[in-house]
Amino acid sequence: MATNSPASNKRDLSHTEALLITTEALTWDGTPYSLRGPDSVKGVAGDCSGSTWQIYAAAGFPYEYQQSAGFQAYAIHSGLFRQLGAGEPMQDGDILSWSNHMALYATFKDAPAKATTPRVNRSGKPWTQENDIWTASHPGGPAYAAAALKYWRNDAPKVFRYQKDKP
Amino acid sequence: MMTGARFIATALLAAAAPLVVADDSSAGVTPGAFVSIPRDSVPIAETSVLIKGRHVTLSFTPARSERGKAQLLLQGERFGWLGEAEPYPDRHFPELAISANKVALPVTESFVAQVGNTDVTALLRAAGISPWAMADTPPFVTVDGVKPEALAKLQAAGAVRAEGANYLAQWQAARALIFAADQPFSIDYDLRSGYAMANRQALANPVLQKRYCFSAAQLARILPATAEATQYTLKHIQIPVGVDKRLPRVLRLTLEPEAGVLFVATCARHGTAVAGAQGLQQIATMADQHGDISVLTIQPSQP
């Protein structure tokens, strides 16, 4: 597994580079959900793996398309990503990976209008969602949007950060 | 043995991982299992399954009817808060209806709520809190009108957690419905099918074909020829049809698929039942050892 250690020839994306990812993710906001994988199309329809792959490519950080189930193994062996350690702070653009889903971490400092979402839950109680991820949803679910990781799933993701070759 | 619902995701992933695009996926949810009260008191002569799009109607005809002597329990699965990513948070099937001759049957509804192995049912009842608050996101618990001591007991038991000015449900619950089964009755509910994505090449998975009793030739005959990389959405429909895991003597399936479905397959009494978009009509089908029937539908991921 690639690391950010001095012995490695890899370095993490800088914060400025990582913002390119979340800037691109913003342009997917409102893309309807459809289970399409690599055939996901911005503004038309897409799912989590397809949107993540295309966002990364458009931001200048390409990788080989992976379904959610295969991403973690690919990330570790490809040399393009490193897995963050427990408690290691996330940065914009980090990929949150579960066995059947992927999402992008975001601070929304570059898109403050998306940092919160006013909502009303089914019992009629209004609440303010504090967003920290960009994500597709599921069949029959809402479009690609900002969401709150703590309310997204009840299991923690593994987090992966793109790396580039050191100069 | 793996339940059918989990099979679809696991088999697709394990058997043909490089070929299968198993992205967002779900194992699906069924309303639960039927158990007779007293045990083995409701043999079913015939069960008809009608699946129309995403709606299911199960029609049961008991083999014998002794008025007031037999009841059925529909025991739902235990579940807790699953998050907004969950496509099926309402695992208690609130829309499920039980009727006889199109008249609603009286149903006794109950629930069991737990935090780990600790039963908190009585605490929730005493507080007057809906056990299904955890099916929403966030799983807010309405505490207006709840006595402070009752809320404190729930917090002490770990069933409720304070977060800022709100309280969140932390328990798991299972729903149980009991009704008289001394006459033919029907159960209506909305499907919560399992789903996964697969490319054309992955549909040739022999494990998949064996599970749903179809052959590559049947698939090729019905599904239009496409490139191997073409993405398809597979849905696994699992329907409980047995009582006490015993199967009815006669079991028939009619399936009118959702729009876009191009291929349907299920194991039938005489081998295989496959169809295209027109679906299946009154097929004598089979159930597995858990008393469930399983149906696979395939549709292109891109319409």
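Mentor: A residue is termed buried when its relative accessible area is under 20%, exposed when it is over 50%, and partly exposed in between, using a 1.4 Å probe and protein chains only. Residues are numbered from 1 along each chain as its sequence is written, while chains are lettered from A and ligands numbered from 1 in the order in which they are written. The model is predicted, with local features requiring pLDDT of at least 70, side-chain atom pairs counted only at pLDDT 80 or more, and totals for chains, interfaces and linings using all residues; side-chain values use heavy atoms, leaving out hydrogens and water.

Trainee: Are A:Tyr56 and A:Tyr63 buried or exposed?

Mentor: Both A:Tyr56 and A:Tyr63 are buried. For A:Tyr56 the relative accessibility is 1%, which is why this residue counts as buried.

Trainee: How many aromatic pairs are there over all chains?

Mentor: Rings of Phe, Tyr and Trp (its six-membered ring) pair if their centres lie within 6.5 Å; planes under 30 degrees apart are stacked, over 60 edge-to-face, and the rest tilted. This rule gives 24 aromatic pairs over all chains. One of them joins A:Tyr56 to A:Tyr63, edge-to-face, at 5.7 Å centre to centre and 75 degrees between the planes.

Trainee: Why is the pair of A:Tyr56 and A:Phe81 tilted?

Mentor: The ring centres of A:Tyr56 and A:Phe81 are 6.1 Å apart and their planes stand at 45 degrees, so this pair is tilted. Helices (H or I, at least four residues) and strands (E, at least two) are DSSP runs, numbered from the N terminus. The pair links distant parts of the chain, for A:Tyr56 belongs to helix 2 (residues 48-59) of chain A and A:Phe81 to strand 2 (residues 81-83) of chain A, 25 residues apart. A:Phe81 counts as buried because its relative accessibility is 0%. Ring pairs also link A:Tyr56, A:Phe61, A:Tyr63, A:Phe71, A:Tyr74, A:Phe81, A:Phe160 and A:Tyr162 into a cluster.

Trainee: Which residues are buried in helix 3 of chain A?

Mentor: In this helix (residues 68-78), A:Ser68, A:Gly70, A:Phe71, A:Gln72, A:Tyr74 and A:Ala75 are buried. Their cover includes helix 2, strand 2, strand 3 (95-98), strand 4 (101-105) and strand 9 (158-165) of chain A. After helix 3 of chain A comes A:Gly79, with a positive phi near 80 degrees.

Trainee: How many residues of chain B are in contact with chain A?

Mentor: Contact means heavy atoms within 4.5 Å. By that criterion, 32 residues of chain B touch 31 residues of chain A. A salt bridge places a side-chain nitrogen of Lys or Arg within 4 Å of a carboxyl oxygen of Asp or Glu. Between chain B and chain A there are 4 salt bridges. A:Arg119 and B:Glu84 meet in a salt bridge at 2.5 Å, N to O. Strand 10 (166-169), strand 13 (194-199) and strand 14 (231-240) of chain B each supply at least two residues of the side of chain B that touches chain A. Strand 13 of chain B gives the largest share of that side, 3 residues.

Trainee: Where does the charged end of B:Arg125 sit?

Mentor: A charge sits over a ring if NZ of Lys or CZ of Arg is within 6 Å of the ring centre and within 35 degrees of the ring normal. The charged end of B:Arg125 sits over the ring of B:Phe111, 4.8 Å from its centre. Across the two chains, A:Lys125 lies over the face of B:Phe140, 5.4 Å from the ring centre.
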